[in-house]
Amino acid sequence: MTRFAWRGVTANKTRSALTTLGILIGVAAVIVLVAVGTGSSKAVQDQISSLGSNTLTVSATSTGGGGFGPGGGGPGGSQPTSQNATSTRAPALTMSDARAIAESDDAPHVLGVAPVVSASSVSATYNGAEHSVGTFTGTTPAYLLIDNTSVTDGRSFTDGEYEGHARVALLGTSVAEDLVGSDPADLVGKQVSFNGVAFTVLGILEEKGSQGPNDSDDRVIAPATAVQDTLAGYGDLSSISVKATSAAGVDRATAEVEAILDSRHHVTSDDRDYSVSSASSILEAATSSNQTFTVLLGAVAAISLLVGGIGVMNIMLVTVTERTREIGIRKAIGASRADIVGQFLAEAVLLSLIGAVAGVVAGLVGSRFTIIGIHPVVAPYSVFLAFGVAIAIGLFFGLYPANRAAALRPIEALRYE
C-alpha cells in the first residue's frame with residue numbers, strides 16, 4: 001500500500017510539492033512563533049531575575065488622603081498642597097523616606113536601601129563622539145548591591161563621594177563602546193559630558209546583555225546628589241530600591257517598609273500613595289502575560305496548518321476524480337473498500353508527513369535567527385505538537401476523499417472518461 005501511495009504522490013511532483021508547502025509553512029510557523037513567545041518570556045524572566053528574588057521597588061502611586069508625617073516636611077520631605085496640616089498631599093517619595101527605611105530599627109529584614117533619581121533625555125559626549133543614554137540613574141553606592149551589579153574596570157563611587165556631591169559616574173558597556181570603541185576601560189579616569197555637565201568616569205559596569213529589545217548595558221549610574229544638582233533637579237525620587245535579607249523574608253520586609261511609610265505619610269492600606277512590588281510578583285505577572293502572548297502566537301500559526309490541511313483535501317479530491325477509472329479497475333479485480341480507503345488515506349498522510357518533516361527542519365533553522373530583537377527559544381512541545389497535528393490533519397482531511405473513492409461503483413468508474 002505504501003508503494004502505491006508513493007507512486008500516487010510522485011505522479012504529479014509539482015502539485016504534490018505545492019500541497020506539502022502548505023503543511024510546511026504551517027508547521028514552521030507554529031514552531032517559530034511559539035519559539036518567539038518563549039524567547040520573549042525568557043528574556044523578561046532573565047531581566048527580572050537578574051535583580052534577585054529578594055528585591056523590592058517602592059513607587060509613588062495615586063494621591064493618598066494623609067498629610068505628611070514626622071520628618072516628611074521641609075527640605076527633602078513631602079510638601080502639603082494646602083495650608084492646613086491635614087490636607088492631602090501629592091504622591092511623592094523623598095530622600096527622607098529612603099533614609100527612614102534604611103535607618104529604622106523596625107526593619108530587621110531589610111538588608112539595603114537605595115533612593116533612585118532618574119534623569120531623562122541625557123546625551124553623553126566624549127572627544128566628538130555622542131551617545132543618547134537609555135537609562136541615567138542617580139542613587140547611592142548601595143544600589144549596586146541591590147541591583148546585583150559589579151564594576152569590571154575601575155571602581156564604584158563611595159559614600160563620601162555621594163555625600164560630597166561628586167560628579168562621578170559608572171558607565172554601561174554600550175555607552176562606553178559607543179564613545180571610545182571596543183575597549184570601554186579606556187574611559188576610566190576620563191571626563192564625559194552629560195548634557196554639557198562633565199562627570200569623571202570611575203568605572204565600567206559588568207555586561208548584562210540585551211533582554212529582548214531592551215539593552216541592559218545602555219545605562220549610567222551616578223551619585224543621586226550630583227544628578228539632582230545637574231540633571232534632574234531637587235524633586236521627588238523616581239523610586240526606592242530595597243533588598244530583603246533573603247527571598248524568604250520578602251513578605252516581612254514588605255510589611256516593614258509599608259509600616260514605616262504608612263506612619264510617615266499618614267496613610268493606611270486603604271489610601272496609600274505608594275506601592276511596594278517585588279521581583280517575584282513582577283515575574284509572576286510577566287510570565288502570565290507572556291504565556292497568553294505565546295498561546296496567541298501559536299493559535300495564529302495553527303491557522304496556517306488548517307489551511308494546509310484544506311489544501312491536502314482539495315488535492316486528494318482532484319486525485320480521486322482523475323483516477324476514477326483506476327479505482328474502477330482495482331475494484332473490478334477484487335480490491336475491497338478498505339484497500340481503496342487505505343490507499344488514498346496513505347497518500348494524504350504521506351503528503352502531510354513530507355510537509356511536516358520539512359516544516360520541522362525549517363522551523364528549527366528559522367528559530368536560530370533573532371526576530372524583532374528577540375532570541376527565539378524552541379519549545380520541544382511545539383515541535384512534537386506541530387508534527388502530530390500535521391499528521392492528524394492529513395488523516396482528517398484525507399478521510400472524505402478516500403471514502404468518496406471507495407464509494408464509487410466499479411461499472412460507473414470503468415465508464416468514466
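**Reading a predicted model, feature by feature**

Colleague: Which residues of helix α7 are buried?

Modeller: Helix α7 covers residues 224-232, and its buried residues are Ala224, Thr225, Ala226, Val227, Gln228 and Leu231.

Colleague: How many residues does the largest nonpolar core have, and which of them have the most contacts inside it?

Modeller: The general idea is that, in soluble globular proteins, nonpolar side chains tend to be buried together. In this structure the largest nonpolar core has 49 residues, and those with the most contacts inside it are Val58, Phe136, Leu171, Leu179, Phe194 and Ile240. Helix α8, residues 250-265, gives the most to this core, with 5 residues. Apart from that core lies another, of 30 residues, which includes Ile31, Ala348, Ala379 and Ala390.

Colleague: What is leucine 171 in contact with, once its neighbours within four places in sequence are left aside?

Modeller: Leucine 171 is then in contact with Ala176, Leu179, Leu187, Phe194, Val201, Gly203, Ile204, Leu205, Arg219 and Val220.

Colleague: How should I read the packing of α3 and α8, and at what angle do their axes cross?

Modeller: Two packed helices are described by the angle between their axes and the distance between the axes. Here the axes of helix α3, residues 95-103, and α8 come within 10 Å and cross at roughly 135°, which makes α3 oblique to α8. The crossing in which α3 passes α8 is right-handed. On the side of α3 the contact is made by Ser96, Asp97, Ala100 and Ile101, and on the side of α8 by Val257, Ile260, Leu261, Arg264 and His265. Sorted by class, this contact has 5 nonpolar, 2 polar and 2 charged residues.

Colleague: Is threonine 140 buried or exposed?

Modeller: Threonine 140 counts as buried because its relative accessibility is 11%, and the cut-off for buried is under 20%. Its place is in the loop between β5 (135-139) and α4 (142-146). Not counting residues up to four places away in sequence, threonine 140 touches Val113, Ala114, Pro115, Phe157 and Tyr162.

Colleague: And histidine 375, is that residue buried or exposed?

Modeller: Histidine 375, found in the loop between α11 (337-366) and α12 (380-406), has a relative accessible area of 55% and is therefore exposed, since exposed means over 50%. With residues up to four places away in sequence not counted, histidine 375 touches Gly39 and Thr370. Histidine 375 and valine 36 are 339 residues apart in sequence, while their C-alpha atoms are 7.0 Å apart in space.

Notes
Residues are numbered from 1 along each chain as its sequence is written. This is a predicted model: local features need pLDDT of at least 70, side-chain atom pairs count only at pLDDT 80 or more; totals for chains, interfaces and linings use all residues. Side-chain values use heavy atoms; hydrogens and water are left out. A nonpolar core is a set of buried Ala, Val, Leu, Ile, Met, Phe, Trp, Tyr and Cys residues joined through side-chain atoms within 4.5 Å. Buried means under 20% relative accessible area, exposed over 50%, partly exposed in between (1.4 Å probe, protein chains only). Helices (H or I, at least four residues) and strands (E, at least two) are DSSP runs, numbered from the N terminus. Contact means heavy atoms within 4.5 Å. Axes are lines fitted to C-alpha atoms, for helices over the stretch in contact, and angles run from 0 to 180 degrees between N-to-C directions. Angles under 35 degrees count as roughly parallel, over 145 as roughly antiparallel, 65 to 115 as roughly perpendicular and the rest as oblique. A crossing is left-handed if the near helix is turned anticlockwise from the far one by less than a right angle, and right-handed if clockwise. Ala, Val, Leu, Ile, Met, Phe, Trp, Tyr, Cys and Pro count as nonpolar, Asp, Glu, Lys and Arg as charged, and the others, Gly among them, as polar.
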